[in-house]
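User: Hi! I'm new to reading protein models and would like to go through one with you, question by question. Could you start by showing it?

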Amino acid sequence: NFEKSEKIFIQTENSQYSFKEFNQLCNKIANFLLVSKIKANDRVLVKLEKSVICLAIYIATIRAGCIYIPVNTSYTPPEIDYFIENSQPSLFIANYESIKNISNKNIKTAQLENDLSGPFLEKIKSQKNIFEPIKRDKDDIASILYTSGTTGRSKGAMLTHNNLVSNTKSLFKIWKFSDNDILLHALPIYHIHGLFVAFNICLFSGAKINFLEKFELETVIEKLPKSTVMMGVPTYYTRMLQSQNLNHSLTKNIRLFISGSAPLLSETHKEFESKTGHKILERYGMTETNMNTSNPYDGERKAGTVGFPLPGINVRITNPKNGEKLGVDKIGMIEIKGGNVFSGYWKMKKQTNSSFTKDGFFVTGDLGKFSSDGYLSIIGRDKDLIISGGLNVYPKEVELLLDQNPNVKESAVIGVPHRDFGEAVVAIIVADNKKNLEIEITSSIKNKLANFKKPKKIIFISELPRNAMGKVQKQKLRNIYNNLFD
Ligand code: AMP
């Protein structure tokens, strides 16, 4: 609807795009895909720093009927090789350094540097700025987002057009978005939060985006008075609370602060309210399901809860042992069914089947409970997933790498509370010869793991606590090191 509008859609530090200009940029890129012989259903793998061009590549890929696969820019060459091997993309768009390092030299590539120079833009310039979108069915795949796997291998969650559209419409309505809104966008755009929740809502509602390359406290504080909505991970809110300038008057134009992707501490919720007068609205979602629940816009936003199921989405709590449905106040597995739920893991039939119940509910791996007034609380994670700064780290993947060192007998990687990151990755290691081992390990994982997955601390102990069945008791370790970063 906004395609021809001259209204400003995206405002960056040094440029601005009207809806019309953004639309034309997307069309040029879609035409480039067409002339590059990238066909419907082909995968386009994108590893780019956050930019408006990158957003336009997302929309262009969808318009050309292809499948968009964005990946975190901090992934290392072996991790990118895995994504290429698994998704078999027809095109890889990245900077020279990333392209140079891939093992599969048969893949078509397009080069765009971090400063937005490079041959890709040159090729775009000469394309036509009109494009007839390729027709897709609502159940066709629009995007694949990689989540880390508990076995150390990432899984590609296949999201359909209907998943994205239905969730966007639902959130647009319950969070009361309009074309008068201005969203402060500091989130990364390789993850559902910044890409689908934040960007899709603005595209759909005609809201303007104050587009920041990343979260930088001073810039966020400066932009708050010129925005009406902010979405963030809990870390953003704890960082904002550290600013002397955060107060009622700075945030008086904001109508809604939203938090998600990791648990928001009740303490942060209360402190934020007392400093600004705003009750943060917490919601719950995940890569495989988009958004599931949200605290109400008008009703009470309860700290420590993630609110009610979104309209049309079925959320239930079951006994993880036998799948039996549990009632109010009983802790169990959170299971989800609805138009928001993904269609499976790309090329992983076995993992897909084991993630769904017989009656079609997705088993989230999150443990939670409903209160008698219908609010959902997340109690913990069934899997040992660590969420550091809003990003998922699966301990197994880090443990497998640590165990490769011949001096490491065994390792357990846990998440420990951290004021800034929410949780910090900590490695507990049992080793024969500890001399220089920490330095050795740190350097051996340097180029193999993205920064957010690297342990913030390595601790040596004589043996790992185990239960009668021989399983490492991670909860015991978490209790021991709970105050490590106090
Ligand atoms: P991701 O797939 O990266 O979006 O991570 C999804 C996981 O983040 C969920 O399965 C939850 O464990 C966690 N998560 C998301 N939102 C919340 C929230 N509001 N409170 C607690 N955990 C959350």
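Predicted model: local features only at pLDDT ≥ 70, side-chain atom pairs only at ≥ 80, totals over all residues.

User: How many helices and strands are in the chain?

Analyst: Helices (H or I, at least four residues) and strands (E, at least two) are DSSP runs, numbered from the N terminus. Going by those runs, the chain has 14 helices and 24 strands.

User: What is the radius of gyration of the chain, and what does the globule rule give?

Analyst: The radius is taken over C-alpha atoms, and the rule is 2.2 Å times the number of residues to the power 0.38. The chain is as compact as a globular protein of its length, because for 486 residues the rule gives 23 Å and the radius of gyration is close to that, at 23 Å.

User: What share of the residues of the chain count as buried?

Analyst: Buried means under 20% relative accessible area, exposed means over 50%, and partly exposed is in between (1.4 Å probe, protein chains only). With that cut-off, the buried part of the 486 residues comes to 55%.

User: Why does the length of α6 agree with what a helix should span?

Analyst: The expected span of a helix is 1.5 Å times one less than its number of residues. For the 14 residues of α6 that should be 20 Å, and the numbers agree because the end C-alpha atoms are apart by 20 Å.

User: Is threonine 168 buried or exposed?

Analyst: Threonine 168 sits in helix α6. Leaving aside neighbours within four places in sequence, threonine 168 is in contact with Asn200, Ile201 and Phe204. Its relative accessible area is 10%, so threonine 168 is buried.

User: What phi does asparagine 41 have?

Analyst: Most residues other than glycine have a negative phi. You'll find asparagine 41 in the loop between α1 (19-35) and β3 (43-47), and its relative accessibility of 37% makes it partly exposed. Although asparagine 41 is not a glycine, its phi is positive, about 75 degrees.

User: And where does leucine 116 lie?

Analyst: Leucine 116 also has a positive phi, near 65 degrees, in a residue other than glycine. At 34% relative accessibility, leucine 116 counts as partly exposed. Its place is the loop between β6 (109-111) and α5 (119-125).

User: Which residues does tyrosine 17 touch?

Analyst: Tyrosine 17 is part of strand β2 (residues 16-18). If you don't count residues up to four places away in sequence, tyrosine 17 touches Lys7, Ile8, Phe9, Ile10, Phe22, Leu25, Val52 and Ile53.

User: Last one: which residues of α12 are buried?

Analyst: Helix α12 (residues 395-402) is largely enclosed by the rest of the structure, because 6 of its 8 residues are buried. Those buried in α12 are Pro395, Glu397, Val398, Glu399, Leu401 and Leu402.

Terms used. Residues numbered from 1 in each chain as written. Heavy atoms only, no water. Contact = heavy atoms within 4.5 Å.
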